[in-house]
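Here is my note on the model you sent. Please read it with the coordinates open.

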Amino acid sequence: MSDKLSQTELLAREFLEHARKLNTGIDAIRVLKARAYRIGEASVLIRAASGGGRRYFFGLNYIHAEEIANLDNPFVAFICGSVQKTIIIPAQILIGHLPQISHDRNGEYKINIDANLNIVLSGRGNRLDCSGFINAWELLSNPPKIIGERNSAEESYHSVLQGRLLELGNIRGYQTFCPNKSKKFNGTPLGNIATLKTCPQLQFSDYDVLRQIDVLWFREKGKNMLPECAFEVELSTGTWSGVGRMATLLDYVSTKLFVVSNESRRYEQVMHSFADFKARYRFIPTEDLGDLYAAELSLRELRLKLDL
């Protein structure tokens, strides 16, 4: 079977075999679509380049980089032609330097690593010094201690999706609300990204249920707040309580109700129990939300660049 694998896939497998020698557990982070693994206490996104010599080239999607950076103890591993030439860099450091790396309209960054295993940045001779991260396997076996609450990959990804929904609503000019104020997205509490600190009360909705919905977008009309969109993020294969929570908005016929999930089959099963109201709900795959978010960021960047 191995002869059917690409060279980059073989390098990734060699990386995992080497990581197993650290005597730490290795598990795929299945909630993410990227090649990401939990290695001991670290979360690692693996990128591999088989060619090289003087240069190694990697494509890195911003969405994938952002997702791994929001997990506990996040790293990105760049395998430069050989596992013996691997850069293991903290994801936040890499994210902080992405503005100095070229990318296309789809948010795909062109990571260029030179013969000295330093990341090439914009500007003549400008490099991100990676000497301290070359074959730094000890960073995976002994990552920094986490201060405060620890989160599972699913919990962190849930916060990422909530953060993206809040950002999208803000970009589009809505007033936004999220009940999970202390959870973070890109280092910022969700409560600081939402424009509303408290959930507006609505005449035809149960307030105690309404204020527990994952993300709400409101449209201002005079002194009133009208619910434009409601979102529930469902990553678990268990009971989807969010679908029931959004039912409190069914009397608002113009309000759009969205379920964001990577489980389309489970969505259909749950909707079967809500057959009378199924037409009111819409399904958004998590990947499509990521694509929309990346496109909105790219469009905002272009508008700012053109001042238009």
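This is a predicted model: local features need pLDDT of at least 70, side-chain atom pairs count only at pLDDT 80 or more; totals for chains, interfaces and linings use all residues.

1. **The main core.** The largest nonpolar core has 58 residues. Those with the most contacts inside it are Ile 68, Phe 78, Ile 89, Ile 111, Ile 113, Ile 119 and Phe 231. Helix α5, residues 153-171, supplies the largest share of this core, with six residues. In soluble globular proteins, nonpolar side chains tend to be buried together.

2. **The second core.** A separate core of 21 residues is also present. Leu 216, Leu 250, Val 259 and Met 271 are among its members.

3. **Ile 113.** What surrounds this core residue? Beyond the neighbours within four places in sequence, Ile 113 is in contact with Arg 54, Arg 55, Tyr 56, Phe 58, Phe 78, Cys 80, Ile 87, Asn 118 and Ile 119. Of these partners, Phe 78 and Ile 119 are also listed with Ile 113 among the core residues with the most contacts.

4. **Asp 114.** Strand β7 spans residues 108-114 and contains Asp 114. Is Asp 114 buried or exposed? Its relative accessible area is 8%, so Asp 114 counts as buried; the cut-off is under 20%. A polar atom of the Asp 114 side chain lies 2.9 Å from the backbone nitrogen of Asn 118. Leaving out residues up to four places away in sequence, Asp 114 touches Arg 54, Arg 55, Tyr 56, Val 120 and Arg 127.

5. **Helix α2.** This helix covers residues 62-69. It is mostly covered, with seven of its eight residues buried. The buried ones are Tyr 62, Ile 63, Ala 65, Glu 66, Glu 67, Ile 68 and Ala 69. Two of those named are glutamates, Glu 66 and Glu 67. Ile 68 is also among the residues with the most contacts inside the largest nonpolar core. At the start of α2, a side-chain oxygen of Asn 61 comes within 2.8 Å of the backbone nitrogen of Ile 63.

6. **α2 against α10.** How do these two helices cross? Helix α10 runs over residues 286-306. The two axes come within 10 Å and cross at roughly 110°. The helices are therefore roughly perpendicular to each other, since that class takes in angles of 65 to 115 degrees. From α2, the contact involves Tyr 62, Ile 63 and Glu 66. From α10, it involves Gly 290, Tyr 293, Ala 294 and Leu 297. By type, the residues of this contact are five nonpolar, one polar and one charged.

7. **Ala 294.** This residue of helix α10 is one of those that meet α2. Ala 294 is buried, at 17% relative accessible area.

8. **His 103.** The loop between α3 (91-97) and β7 holds His 103. It is partly exposed, with a relative accessible area of 31%. Not counting residues up to four places away in sequence, His 103 touches Glu 108, Tyr 109 and Glu 301. With Glu 301 there is a polar contact between the side chains, at 3.5 Å. His 103 and Gly 59 are 44 residues apart in sequence, and their C-alpha atoms are 9.2 Å apart.

9. **Glu 228.** Strand β14, residues 224-234, includes Glu 228. At 15% relative accessibility, Glu 228 counts as buried. Setting aside neighbours within four places in sequence, Glu 228 is in contact with Tyr 174, Trp 217, Phe 218, Arg 219, Ser 254, Thr 255 and Lys 256.

10. **Positive phi values.** Most residues other than glycine have a negative phi. Asn 135 has a positive phi, near 50°. It sits in the loop between β9 (127-128) and α4 (138-141) and is partly exposed, at 28% relative accessibility. Asn 186 also has a positive phi, near 55°. Its place is the loop between β11 (184-185) and β12 (188-189). Asn 186 is partly exposed, with a relative accessible area of 38%.

Methods: Residues are numbered from 1 along each chain as its sequence is written. Side-chain values use heavy atoms; hydrogens and water are left out. A nonpolar core is a set of buried Ala, Val, Leu, Ile, Met, Phe, Trp, Tyr and Cys residues joined through side-chain atoms within 4.5 Å. Buried means under 20% relative accessible area, exposed over 50%, partly exposed in between (1.4 Å probe, protein chains only). Helices (H or I, at least four residues) and strands (E, at least two) are DSSP runs, numbered from the N terminus. Contact means heavy atoms within 4.5 Å. Axes are lines fitted to C-alpha atoms, for helices over the stretch in contact, and angles run from 0 to 180 degrees between N-to-C directions. Angles under 35 degrees count as roughly parallel, over 145 as roughly antiparallel, 65 to 115 as roughly perpendicular and the rest as oblique. Ala, Val, Leu, Ile, Met, Phe, Trp, Tyr, Cys and Pro count as nonpolar, Asp, Glu, Lys and Arg as charged, and the others, Gly among them, as polar. A polar contact is a pair of N or O atoms within 3.5 Å; within protein, one must be able to donate a hydrogen and the other to accept it, and residues adjacent in sequence count only if both atoms are side-chain atoms.
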